[in-house]
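Take a moment to turn the model around before reading on. Then let us walk through it together, one part at a time.

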Amino acid sequence: MNNFYKKINIKSFTRDTGSLYFLEGSNHIPFDIKRIFYITDISGDRANHAHYQCKQFLIPINGSFDVELFHGSEHKIITLDNPNSGLLINPLTWVKIYNFKNNPICLVLASHFYEENDYINNFKKFMDLNHDK
């Protein structure tokens, strides 16, 4: 494991009538959830930013997509393609979401309310911040 992301399994029950997936706040997610949003009808890359403070948890509700992460000199690409597994992303991690397939829906749980000043939208600025540590 590393300090900028973690894959977390999501609990589920499956019966002949369907599947139920659940998360229970701090029992499964290591932060208080302040904001929930989802992305649909996707064309092109998404995210392309980092946060100073906000943690996020991405869940592929439907379809699949790749998540490219940069943190300092570390780089990782993770495919999310099953609603049984989500991706925790810690602050100061650059995120690019792309390669969307099969009518994707990306659910995002966030540790902070929307705050424009928490976003780092310039990759060079991000890399300068990360390498100063």
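We will look at strands, then at the cores, then at charged pairs.

This is a predicted model, in which local features need pLDDT of at least 70, side-chain atom pairs count only at pLDDT 80 or more, and totals for chains, interfaces and linings use all residues. Residues are numbered from 1 along each chain as its sequence is written, and side-chain values use heavy atoms, leaving out hydrogens and water.

Start with strand β5, residues 46-51; strands (E, at least two residues) and helices (H or I, at least four) are DSSP runs numbered from the N terminus. Strands pair if DSSP finds at least two bridges between them. β5 runs antiparallel to β9 (residues 94-110), joined by three bridges, and Arg 46 stands opposite Ile 97. β5 also pairs with β10 (residues 119-120) in the antiparallel sense, over two bridges; here His 51 has Tyr 119 as its bridge partner.

Now look inside. A nonpolar core is a set of buried Ala, Val, Leu, Ile, Met, Phe, Trp, Tyr and Cys residues joined through side-chain atoms within 4.5 Å, where buried means under 20% relative accessible area, exposed over 50%, and partly exposed in between (1.4 Å probe, protein chains only). The largest such core has 17 residues, and Leu 58, Phe 65 and Leu 80 are among those with the most contacts inside it. β9 gives the most to this core, with five residues.

Finally, find two salt bridges (a side-chain nitrogen of Lys or Arg within 4 Å of a carboxyl oxygen of Asp or Glu). Asp 45 meets Lys 96 at 3.5 Å, N to O. Lys 124 meets Asp 128 at 3.1 Å, N to O, and both lie in helix α2.
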